[in-house]
Amino acid sequence: MMLVLTISLMLFTCAIFIALYRIIVGPSMPDRVVALDMIGVNLISLVAVFSIVLHTHAYLEVILIVGILAFISTVGLARFVERGEIVEHEHDDGMD
Amino acid sequence: MMEWISVFLILTGSIMAVISAFGILRLPDVYTRSHAATKSSTLAVLLSLLGAFIYFWANEGFISIRLLLGIIFVFITAPVAGHIITRAAYRSKVKLASSSGEDALKPYLEKSPKDN
């Protein structure tokens, strides 16, 4: 059973390296953001398999935190790609 | 027996992750790459998290609420993130692949121009 879990760990690591190739080479900025989101998703399942291999429950919070960070960073980078700024300031309404 | 079911689910999820990684390597465009990166990769992480949940449930009698929350969170947010980054790519005028047939969103955006 450990052999199968080790094979699946190697396959997830292979997927992360292929996405890393897309981050380095990727022609446009949204390609890199898509690959970064995919690395976050693969990292979640990698942590789950590691917590089985090491016989512990202590790593299960990492799944939630990595998921939330991947989603928020994807939304922030999408706003940056679209508008050029992340946090919009309030515009004054033209009254001098 | 239940352990082997969970290990089989994890192995299926890892094979699915490698297939979606080849999709993100081989597809020609950012729009098609987002399909490979959101749909099949989400299926891969759901299968592996379900396998871990079944393993802890069968082996130690431990029902992990955190794994269930992780499954629900990934299942909700991955399509939302794919939609947002694809919309940002279209608004910032990333080219479609030359083999794509038609641009169905273009006449709609030209009919109602939106200045932001």
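Predicted model: local features only at pLDDT ≥ 70, side-chain atom pairs only at ≥ 80, totals over all residues.
**Exercise 1. Describe the second largest pocket: what is its volume, and which helix gives the most to its lining?**

Step 1: Start with the space. The volume of this pocket is about 220 Å³.

Step 2: Find the residues around it. Among those lining the second largest pocket are Tyr31(B), His35(B), Lys39(B), Phe75(B), Pro79(B) and His83(B).

Step 3: Assign helices. In chain B, α2 (30–60) and α3 (65–91) each contribute at least two lining residues. The most come from α2(B), which gives seven.

Step 4: Sort by class. The lining of the second largest pocket holds eight polar, three nonpolar and one charged residues.

**Exercise 2. How many cavities of 30 Å³ or more are there, and what lines the largest cavity?**

Step 1: Count. There are two cavities of 30 Å³ or more.

Step 2: Take the largest cavity, with a volume of about 90 Å³. Its lining draws on both chains, including Val41(A), Ile44(A) and Phe71(A) from chain A and Val74(B) and Thr77(B) from chain B.

Step 3: Assign helices. Two or more lining residues come from each of α2 (29–53) and α3 (60–83) of chain A and α3 of chain B. The largest share belongs to α3(B), with four residues.

Step 4: Sort by class. Around the largest cavity there are seven nonpolar, two polar and one charged residues.

**Exercise 3. Which elements each supply at least two residues to the lining of the second largest cavity?**

Step 1: Note the volume, about 40 Å³.

Step 2: Pick out lining residues. Val34(A), Asp37(A), Ser34(B) and Ile85(B) are among them.

Step 3: Name the elements. They are α2 of chain A, plus α2 and α3 of chain B.

Step 4: Sort by class. The lining of the second largest cavity has four nonpolar, four polar and one charged residues.

How values were computed:
Residues numbered from 1 in each chain as written. Chains lettered and ligands numbered in written order. Heavy atoms only, no water. 1 Å grid on protein atoms, 1.4 Å probe; cavity = no way out; pocket = protein on both sides within 12 Å on 5 of 7 lines; lining within 4 Å. Points joined across faces, edges and corners; volume = space filled by probe spheres on them. Nonpolar A, V, L, I, M, F, W, Y, C, P; charged D, E, K, R; others polar.
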